[in-house]
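Here's a quick briefing to read alongside the model. Have a look at the fold, then work through the notes by topic.

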Amino acid sequence: MKALLDKLVVLKLNGGLGTTMGCTGPKSVIEVRNGFTFLDLIVIQIESLNKKYGCSVPLLLMNSFNTHDDTQKIVEKYSNSNIEIHTFNQSQYPRIVTEDFLPLPSKGQTGKDGWYPPGHGDVFPSLNNSGKLDTLLSQGKEYVFVANSDNLGAIVDIKILNHLITNQNEYCMEVTPKTLADVKGGTLISYEGRVQLLEIAQVPDEHVNEFKSIEKFKIFNTNNLWVNLKAIKRLVDAEALKMEIIPNPKEVDGVKVLQLETAAGAAIRFFEKAIGINVPRSRFLPVKATSDLLLVQSDLYTLVDGYVIRNPARVKPSNPSIELGPEFKKVANFLARFKSIPSIVELDSLKVSGDVSFGSGVVLKGNVTIAAKAGVKLEIPDGAVLENKDINGPEDL
């Protein structure tokens, strides 16, 4: 095991800000469970791995110019841990003005808003440009496990690593069965004799419903990727990673701009013996919104050595579907509305809208809908047990 793990590097994509969830810094510093942030949990996971097997798996963080400074400060607190942490920045590209296709900085927008990080497809050239790739190769490292920093299920799997080394697969994408919550996720197709990634942004409008069908496309990309380091070096040096460009339209101070981005998963077609591995859903546990935060903070999961483990008392294989209204969108507001996170082990679905807050020790089961009328503050009392309830006012409690 030690010999295998000493060939591995873990790389977390850490370029995103937590703006969607009302946070100003890197998303990875949002507190997830028991006061630990995403970054804390990642470090604890790799520390316990290194301790258990006596190996030295380093952690790399790919930051963007948006997250670099904050991450540097945070990484300092791990200086005494038994884990080598490297950070490097991804590229910085000028936003393009839609009207005339000129770069936004050339029009006087010289601050940060004129620029953008060009998506996680940039991980391969940036790893090389930063000099980190050569350093890792000189240390005898062979594979990098790449994952989003907000995916708590993306943990090192020695069986996958062993399979790749044994079969000399240069690239592996973890895919998992689609549910109705993942209809927009990219999928693998066979095209022109190679495995390729198909993203929803590449699908013509008239075929979008077909793409979203969970009967036709049964799997989607988790963005947990395992890639051979020598292969990255070979392809980047030959400038062979010509990934499809995904246009991302934005608006800056009223000016319509385009960001041209690439996805790391799209690189699959350039590597030799590339494969997809169908993994259990437990390896895909991203936190994109406060509804996801509710899941991972609840009794649906426990924390062991930095690993978020699903509660065996949950009988259903799928997680409850949770829809929280705009009042819960920002992390601070979300936390202020819960004295404690309700028990949801037996919950199927929850919909909350309006000015609703929860007392401590609330238990939710089956299908629960809570809708406060405009101007009404609705408080769910401490210890309330709601099972298959539709609540529109205090009288329904």
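Is Ser149 buried or exposed? Ser149 is buried, with a relative accessible area of 8%; buried means under 20% relative accessible area, exposed over 50% and partly exposed in between, using a 1.4 Å probe and protein chains only. Keep in mind that this is a predicted model, where local features need pLDDT of at least 70, side-chain atom pairs count only at pLDDT 80 or more, and totals for chains, interfaces and linings use all residues. Residues are numbered from 1 along each chain as its sequence is written, and side-chain values use heavy atoms, with hydrogens and water left out.

**Around Ser149**

- Ser149 sits in the loop between E9 and helix H6 (158–167); helices (H or I, at least four residues) and strands (E, at least two) are DSSP runs, numbered from the N terminus.
- Its side chain reaches the backbone oxygen of Leu13 at 3.2 Å. That is a polar contact, meaning a pair of N or O atoms within 3.5 Å; within protein, one must be able to donate a hydrogen and the other to accept it, and residues adjacent in sequence count only if both atoms are side-chain atoms.
- Leaving aside residues up to four places away in sequence, Ser149 touches Lys12, Leu13, Asn14, Ser28, Phe38 and Ile42, where contact means heavy atoms within 4.5 Å.

- Thr71 belongs to helix H3 (residues 68–75) and is buried, at a relative accessible area of 1%.
- The side chains of Thr71 and Asn14 are joined by a polar contact of 3.2 Å.
- Not counting residues up to four places away in sequence, Thr71 touches Asn14, Pro26, Leu61 and Asn63.
- Gly16, in the loop between E1 and strand E2 (31–33), is partly exposed, with a relative accessible area of 38%.
- Gly16 touches Pro26, Lys27 and Thr67, again not counting residues up to four places away in sequence.
- Gly16 and Asn63 are 47 residues apart in sequence, yet 7.9 Å apart in space, C-alpha to C-alpha.

**Domains and cores**

- The domain assignment gives domain 1 (1–283) and domain 2 (290–396); such bounds come from an automatic or database assignment.
- The C-alpha centres of the two domains lie 30 Å apart, and 17 residues of domain 1 are in contact with 15 residues of domain 2.
- The largest nonpolar core has 38 residues, of which Leu152, Leu350, Val356, Phe358 and Ile370 touch the most other members. A nonpolar core is a set of buried Ala, Val, Leu, Ile, Met, Phe, Trp, Tyr and Cys residues joined through side-chain atoms within 4.5 Å.
- Among the elements that give two or more residues to this core are helix H2 (38–53), helix H9 (290–297), strand E20 (347–353) and strand E22 (363–371). H9 gives the most, with 4 residues.
- Both domain 1 and domain 2 give residues to this core, so it lies between them.
- Ile370 has contacts that include Leu350, Val356, Phe358, Leu378 and Ile391, not counting residues up to four places away in sequence.
- A second, separate core of 34 residues includes Met62, Val227, Ile232 and Ala266.

**Helix H8**

- In helix H8 (residues 229–237), the buried residues are Leu229, Ala231, Ile232, Lys233, Leu235 and Val236.
- They pack against strand E1 (8–13), helix H4 (123–129), helix H5 (132–138), strand E9 (143–148) and strand E13 (219–228).
- Asn228 caps the N-terminal end of H8, with a side-chain oxygen 2.9 Å from the backbone nitrogen of Lys230.
- Just after H8, Glu239 takes a positive phi of about 50°.

**Pocket and cavity**

- The second largest pocket holds about 360 Å³ of space. On a 1 Å grid over the protein atoms alone, a pocket is an open set of points with protein on both sides within 12 Å along at least five of seven lines, a cavity is a set where a 1.4 Å probe fits but cannot get out, and lining residues have an atom within 4 Å of a point.
- Of the 18 residues lining this pocket, Tyr93, Asp122, Pro125, Leu241 and Thr262 lie nearest its centre; H8 and strand E15 (255–261) each give two or more residues to the lining.
- The structure holds 2 cavities of 30 Å³ or more; grid points are joined across faces, edges and corners, and a volume is the space filled by probe spheres set on the points.
- About 60 Å³ of space lies in the largest cavity, whose lining includes Val10, Lys12, Ile42, Ala154 and Tyr307.
- H2 gives the most to that lining, with 4 residues.
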